[in-house]
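Have the model open while you read.

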Amino acid sequence: MKPLIVATLLGLLTSVSAAQTIAIVGGTVHTVGPQGSIENATVIITDGRIAAVGSDIKPPDGANVIDASGKVVTPGLFTPDGYLGLVEVGLSAGPLDAVQRGEQFTASFDVAEAFNPRSTLIAINRIEGITRALIVPRAAEPDLLGYTSNVISGLAAVVNLSGNTNSLDRRAAALVVNLGEGGVAYAGTSRASAQLLLRNALDEALDYREHGDAFERGQHRDYTLSLTDLEALQGVIAGDIPLFANVDRASDIAALIRLSDDYNIRAIVSGGAEAWMHAEELAAAKIAVILGPADNLPANFDRINARSESAAILAAADVRVMFADGDGHTHNARNIMQSAGNATVAGLSWDDSLRAITLTPAEVYGVADRVGSIEVGKIADVIIWPADPLELTSYPDQVFINGKSLPMTSRQTLLRDRYRDITSDEPPAYRN
Amino acid sequence: MKRLLVAILAATLLAACESEPADDRTASFTSIYKARSSGATLLRGATVLTGTGERLDNSDVLIVDGKIVEVGEGLSHDGAELVDADGKWLTPGVIDVHSHLGVYPSPSTESHSDGNEISAPVTAEVWAEHSVWPHDPGFVAALAGGVTSMQILPGSANLMGGRGVTLKNVPGRSVMEMKFPAAPHGFKMACGENPKRVYGGRGVAPTTRMGNVAGYRAAWIEAADYRDKMAAAADGKGEAPTRDLKLETLAGVLDGEILVHNHCYRGDEMAVMLDIAKEFGYKISAFHHAVEAYKIADLLAENDTCAAMWADWWGFKMEAYDGIRENAALVEIAGACAIIHSDSGIGIQKLNQETAKVIGAAARSGVDILPEVAIQWITKNAAKSLGIDDVTGTLEAGKMADVVLWNGDPFSVYTRAERVYVDGALAYDRNNPSINPVTDFTLGTAASAGGAQ
């Protein structure tokens with residue numbers, strides 16, 4: 001019954017142009033904004049933006065009215081880490097465009113240039129509620145030519161999952177660096193060398209800011225970094241671009257806090273298995289943390305104190321938390337609601353869990369003026385759910401990005417439908 | 001027939017698990033697991049998913065001396081510890097058919113990497129149990145997720161990776177203290193990308209999928225010859241060949257004593273593997289990681305071969321590109337045996353959640369899977385593929401009291417295993433952490449206090 005209704009809805013909605021007004025009526029709306037949660041509410045979308053939200057709003061004449069009675073409406077979900085649009089198949093099948101290797105470009109390596117909005121991963125994750133993502137560069141094993149990755153991986157970008165050619169929301173939303181055990185692999189011998197490389201890069205960026213003109217005239221010492229990398233770092237030392245640090249061990253997180261203090265720069269912890277041990281300091285330094293809350297095993301010696309309650313402990317100390325799917329498994333970025341749901345059992349409030357996968361990443365990456373919550377004036381990324389979005393059995397009925405209702409199909413639903421009747425005599429290739 | 005033999009064997013060994021094995025060849029590495037002593041426990045007023053496909057509301061489960069005695073309404077038993085399970089759910093203990101706990105333990109240092117004997121494409125002579133580190137913190141974390149038994153397998157680098165071992169999820173100083181009494185060995189085979197990548201990378205066979213198949217067939221020809229010569233010698237015809245650990249394992253598969261667990265992603269490759277099994281007269285108990293099982297679910301049903309699947313892993317390599325969330329549900333409605341497995345120290349802690357994601361995905365496509373059916377994917381069907389369904393996997397009188405008390409619907413993200421019983425003994429209590437096991441490795445870390453809870 002339900003699929004039929006959804007199919008009918010879809011038929012109606014796809015014929016609606018973005019310029020038209022859409023009214024989603026009757027649902028419980030979790031705005032994740034100042035209006036909080038509203039029962040039996042109406043959301044009006046006009047020209048791709050939220051025009052009104054509230055319980056006493058009548059749909060304007062001519063609006064396309066969508067009945068969301070008994071359903072739950074939330075902002076689109078935002079995955080704060082991963083490689084969406086930078087990879088199709090992880091292993092032995094084509095390039096992984098997220099990987100930075102070689103000395104020539106480090107800080108200036110910008111994944112935005114490689115993003116593919118038509119990747120199959122986009123629709124597969126979109127139909128399950130992911131509407132925005134941070135895409136990041138990453139380090140990897142040396143390649144066959146011996147090129148190695150660096151402590152500084154490069155620039156991350158915010159994208160949307162509309163599938164449109166122009167899906168870039170914000171370039172240079174963060175600068176990715178590898179500290180701790182990861183940093184050791186790329187810095188040489190010790191996590192101390194990783195710190196040193198990073199500090200040297202920031203020192204050179206500061207020096208270049210002061211003496212760039214003299215350098216251009218050939219009246220200044222050489223830098224170890226390339227000019228493009230020094231330029232890319234200017235946003236970091238100015239406090240505009242946060243350092244996105246892959247780091248787990250408490251002592252390495254403490255070192256990151258010192259570094260961000262010494263240079264007066266912003267930072268984000270990704271991984272953060274032991275971040276809970278420095279919750280107060282992270283809160284004071286306004287450093288947000290990206291977690292996989294189910295990741296509770298001492299998988300290596302950097303994660304010896306990993307625990308399920310990390311998110312709740314951090315949130316209680318006023319650290320902003322976000323969730324990425326457990327092992328950076330980009331293909332399943334769609335599972336961040338499972339992580340958020342699990343965090344509630346360990347003590348994070350339901351509201352904070354929903355915030356962690358919507359508004360918080362938008363704030364941390366500097367796009368909260370446009371997305372992350374259902375507020376008047378913001379871009380209309382809206383999901384209609386049949387029930388609690390954090391619940392495992394709950395999949396979206398309808399996804400809107402930029403105010404547009406998008407088809408609820410993907411390569412996976414097509415495969416499913418082709419093989420659903422296994423008794424069919426028709427060969428699968430003819431079941432279209 | 002085979003099932004009956006296994007049952008008789010199991011009953012015999014259970015009755016006398018301390019007695020001296022008669023045959024020298026089996027004297028080593030036999031289970032010395034002893035259930036912890038327990039009295040009688042009566043869990044009352046729960047929603048019971050029996051694992052047999054039934055759901056019983058407001059019902060009780062009575063456990064006495066490690067066995068399930070009765071399941072039903074209004075039970076009583078003198079002297080039993082009463083557990084109020086009102087509003088809670090009871091299921092059989094969760095069983096994971098695909099785990100590398102102990103062979104790829106936490107922490108995952110190079111020193112601990114003992115799951116793949118990557119020295120030849122056929123290493124049927126190795127046994128996973130000889131790599132199991134019993135102090136892997138992952139065992140305790142899995143217990144908190146309701147897992148009472150699991151199969152530890154060699155990795156998938158090789159065409160034939162060696163024997164798997166089924167364990168009770170109990171702390172032990174040696175693997176023998178954890179081994180599931182009288183469970184048959186598993187045998188790990190692997191299709192597809194992994195063997196050809198590992199050996200192809202070294203310029204030795206197999207470098208292709210056709211090379212993979214030639215490799216399996218050559219091994220089975222050798223094994224059949226060994227088995228025949230052994231049998232002839234036993235009949236006084238000719239000399240017995242020198243004992244060969246590799247061929248002994250393969251002959252055990254051909255004789256049906258060792259159950260094949262075949263890592264295989266693609267539907268077309270599973271079909272080829274079923275034909276190889278026909279050619280040499282063995283049975284494939286389960287395909288593991290069967291990402292495309294939905295494409296050949298009818299074949300699986302015909303061959304009585306289970307498909308062990310993830311809920312949603314896909315795309316991390318080419319042979320996983322066609323993964324769909326509804327996979328297990330489509331296998332189920334085709335009448336085949338569906339299993340949800342983990343292959344992960346994190347996934348094994350939430351097999352109930354992985355199952356729930358499939359239930360939800362199936363529902364969105366109009367396929368209703370009831371909780372009493374879905375629970376079988378992580379209990380009864382898993383036990384069947386391991387050859388232990390005669391003694392565990394369901395809540396039925398006479399079976400091992402491997403039981404999970406959930407503090408709600410096990411398919412809700414907000415639910416946790418509250419109590420886990422292994423052979424009737426309370427092995428884990430979420431509300432009383434002081435009784436829970438702590439591994440040597442996690443002593444003194446926050447993980448022992450919180451991480452594994």
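This is a predicted model: local features need pLDDT of at least 70, side-chain atom pairs count only at pLDDT 80 or more; totals for chains, interfaces and linings use all residues.

**Notes on the disulfides**

1. Cys306(B) counts as buried, because its relative accessibility is 1%; buried here means under 20% relative accessible area, exposed over 50% and partly exposed in between, with a 1.4 Å probe and protein chains only.

2. Side-chain values use heavy atoms, without hydrogens and water, residues are numbered from 1 along each chain as its sequence is written, and chains are lettered from A and ligands numbered from 1 in the order in which they are written.

3. How many disulfides are there over all chains? The structure has two, a disulfide being a pair of cysteine sulfur atoms within 2.5 Å. In chain B they follow the pattern 1-2, 3-4, counting bonded cysteines along the chain.

4. Cys306(B) and Cys337(B) are joined with an S to S distance of 2.2 Å. Cys306(B) sits in strand β12 (residues 306-309) of chain B and Cys337(B) in the loop between α8 (327-333) and β13 (338-340), so the bond ties together parts 31 residues apart in sequence. Helices (H or I, at least four residues) and strands (E, at least two) are DSSP runs, numbered from the N terminus. The S-S torsion is about 85°, so this disulfide is right-handed.

5. The other pair is Cys191(B) and Cys264(B), S to S 2.3 Å. Their link is left-handed, with -90° about the S-S bond. Both Cys191(B) and Cys264(B) are buried.
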